[in-house]
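Please read the following explanation with the sequence and the three-dimensional view side by side.

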Amino acid sequence: MFNKIDLPYAYDALEPYIDKETINIHYNKHLQTYVTNLNKILEGHEDFTNGKSLGRILSDTESIPEGIRQGVINQGGGVFNHNLYFSVLSPTPKKAPEGELLDEINKTFGNLENLKTEISNAAIGQFGSGYGFLVKDKDGKLSVTSVLNQNNPLSNGFIPILCIDVWEHAYYLKYQNLRADYVKNIWNVIDWGKVEGLYMNFSI
Ligand SMILES: [Fe+2]
């Protein structure tokens, strides 16, 4: 059984940048639906899941039984991506990265502002529903990417350490069609301490 993370803040804690009702519906309805659907699809496939983490499953999609493969990619991606999304947000965020992550950002993007612009552009420019991601490769090298729907960079060999959900359900109640305003504001609640932790320690 896979599950959603425990939300590490109150529903209204990210206001005014993300409103209480959006967090409530996003976490309790949208994410919960992905969790319910994923567990339902995987019923009877315990020989396949066999204690594997969701990240491990999504990093090797060819190994997923063909009859449930696309369902696991969609619903499993929905669980993984949302768990990452909610976990890197905070009402008391660390405003900038330090240490090895900062060094790598400066090396790859010049500075933090350039990186934020690049992720923002990837997220805003994603046609239709999807995410903007900051990912690392197996050597720790950073890159920015976007994905459609609930696809996941793990399936292409990258480890995601930050994502911005740009499905309309992530922002429509407060921002309506103004995706760029939502993306601009979300940087106020992205916790670079969490991203640092994932950069240094996250493995599937
Ligand atoms: Fe979402």
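The model shown here is predicted. An unreviewed UniProt entry carries the annotation "domain: Manganese/iron superoxide dismutase C-terminal", which covers residues 97-196. In the model, this span is 42% helix and 21% strand. The C-alpha atoms at the ends of residues 97-196 lie 6 Å apart.

Helix packing may be considered next. Two packed helices are described by the angle between their axes and by the distance between those axes. Consider helix α5, formed by residues 99-109, and helix α9, formed by residues 192-201. Their axes come within 8 Å and cross at roughly 90°. An angle from 65 to 115 degrees counts as roughly perpendicular, and α5 and α9 are therefore roughly perpendicular to each other. On the α5 side, the contact involves E100, L101, E104 and I105, which meet W192, V195, E196, Y199 and M200 of α9. The residues of this contact between α5 and α9 comprise six nonpolar, no polar and three charged.

The second pair consists of helix α6, residues 112-125, and helix α8, residues 179-186. The axes of α6 and α8 come within 10 Å and cross at roughly 150°. Because angles over 145 degrees count as roughly antiparallel, α6 is roughly antiparallel to α8. The crossing of α6 past α8 is right-handed. Here S120, A123 and I124 in α6 meet R179, A180 and V183 in α8. The residues of the contact of α6 with α8 divide into four nonpolar, one polar and one charged.

Attention now turns to single residues. Leaving aside residues up to four places away in sequence, I119 touches G132, L134, V144, L162, I164 and W187. For another view of its position, I119 may be set against N74: these residues are 45 residues apart in sequence and 22 Å apart in space, C-alpha to C-alpha.

A further residue, N81, lies in helix α4, which comprises residues 66-87. Which residues does N81 touch, not counting residues up to four places away in sequence? They are Y131, F133, Q150, N151, N152 and C163. N81 has 0% relative accessibility and therefore counts as buried.

Methods:
Residues numbered from 1 in each chain as written. Predicted model: local features only at pLDDT ≥ 70, side-chain atom pairs only at ≥ 80, totals over all residues. Heavy atoms only, no water. Helix = DSSP H or I, 4+ residues; strand = E, 2+ residues; numbered from the N terminus. Contact = heavy atoms within 4.5 Å. UniProt positions renumbered as here; feature names shortened; annotations may be inferred. Axes fitted to C-alpha atoms, helices over the stretch in contact; angles between N-to-C directions. Parallel < 35°, antiparallel > 145°, perpendicular 65-115°, else oblique. Left-handed = near helix turned anticlockwise from the far one by under 90°. Nonpolar A, V, L, I, M, F, W, Y, C, P; charged D, E, K, R; others polar. Buried < 20%, exposed > 50% of the residue type's maximum accessible area, 1.4 Å probe, protein only.
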